[in-house]
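Dear colleague,

I am handing over the structure below, and my notes on it follow. Please read them with the coordinates open beside you.

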Amino acid sequence: MRLRKKFTLWLPSRRLVLGERTLVMGVLNVTPDSFSDGGVYFGADAAVARAIELERAGADILDIGGESTRPGAQAISAEEERRRILPVLEKLRGRLSIPVSVDTSKAEVAEAAAGAGAEILNDVTGLRADPRLAEVARRRRRPLILMHMRGEPRTMQKTPFARDVLRDVTAGLRRAAATARRAGVAKSQIVLDPGIGFGKSYAQNFELLARLPELARLGFPLLVGTSRKSFIGQALGGAPEAERAWGTAATVAASILGGAHIVRVHDVAEMAQVARVADAILRPGLAAPRPPSQ
Ligand code: HH2
């Protein structure tokens with residue numbers, strides 16, 4: 001176990017220090033079909049209420065997505081994606097004190113979302129779907145999360161998996177970062193993500209978590225998203241999404257001890273506790289935080 005390297009991301013409204021305390025990114029899917037919360041926050045008002053709830057629960061970043069990437073999901077148009085997320089972003093303006101990231105692979109959606117207040121861009125295709133997204137990140141000065149996905153959501157769990165998952169993920173992330181750098185995105189504004197569950201076998205997801213320190217060597221901050229994913233359900237003998245929180249907790253702790261700077265989760269209050277304790281294991285010399293004043 002090694003101490004994480006520190007990084008600083010520059011957002012329009014603030015800077016985010018990574019590597020001291022793990023940052024918890026709360027998931028808000030404004031979709032009818034996401035694998036664990038699809039349809040629940042599909043209306044703008046329900047989504048806004050959930051965003052505020054996630055902030056109160058201890059989220060450091062709110063990640064809003066308008067298109068499901070679950071295995072087998074159908075792609076939607078940029079217009080439809082904008083129609084889903086823009087009203088939520090507009091209604092959230094001035095109502096949150098945490099920054100918002102947008103989970104999109106389309107440059108025009110990223111552009112519109114940045115105009116509506118999104119401060120971080122999160123691309124699950126690592127610029128493979130639309131390399132122009134890097135241009136938006138550069139021009140709008142937004143940090144860019146680049147995730148590794150093997151194949152595409154419609155077919156990713158059907159096509160052959162990589163023989164050497166770490167090599168595949170490392171090569172893909174290197175390529176994605178190079179594309180972003182060529183478009184003028186500063187190295188310090190890039191975050192990498194191994195893409196747990198995206199075109200990986202059951203065993204490969206666990207291998208990636210166990211070998212996260214090798215990805216940390218790429219020299220970028222790491223984000224890991226395991227929350228409620230199906231490999232956790234499989235490890236628990238077929239537990240449904242709603243019963244995967246404890247399994248998720250194990251993966252969140254492992255991610256942090258392996259070097260993750262940000263964890264992306266649905267159960268924010270619970271995983272924020274997991275993160276605080278895992279952080280304390282990483283830095284056992286630090287004094288306990290002071291209890292909140294009564
Ligand atoms: N996972 C999902 C979506 N976006 N982004 C990053 N950076 N890393 C992830 O692991 C990741 C992600 C899938 O989870 P969810 O948003 O809950 O489901 P869906 O894609 O069905 O909306």
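**The ligand and its surroundings**

The ligand sits in the largest pocket, where a pocket is, on a 1 Å grid over the protein atoms alone, an open set of points at which a 1.4 Å probe fits, with protein on both sides within 12 Å along at least five of seven lines, and sitting in it requires more than half of the molecule's atoms to lie within 2 Å of its grid points. The elements that give two or more residues to the shell around the ligand are strand 3 (23-29) and strand 7 (144-147), strands being DSSP runs of E of at least two residues, numbered from the N terminus.

This is a predicted model, in which local features need pLDDT of at least 70 and side-chain atom pairs pLDDT 80 or more, while totals for chains, interfaces and linings use all residues. Residues are numbered from 1 along each chain as its sequence is written, and side-chain values use heavy atoms, without hydrogens or water.

In total, 19 residues surround the ligand, the closest being Ser34, Ser68, Thr69, Asp193 and Lys229; a residue is counted if one of its heavy atoms lies within 4 Å. The protein covers 99% of the 480 Å² of accessible area that the ligand has on its own, by the Shrake-Rupley method with a 1.4 Å probe.

Best regards

Note on methods
1 Å grid on protein atoms, 1.4 Å probe; cavity = no way out; pocket = protein on both sides within 12 Å on 5 of 7 lines; lining within 4 Å. Helix = DSSP H or I, 4+ residues; strand = E, 2+ residues; numbered from the N terminus.
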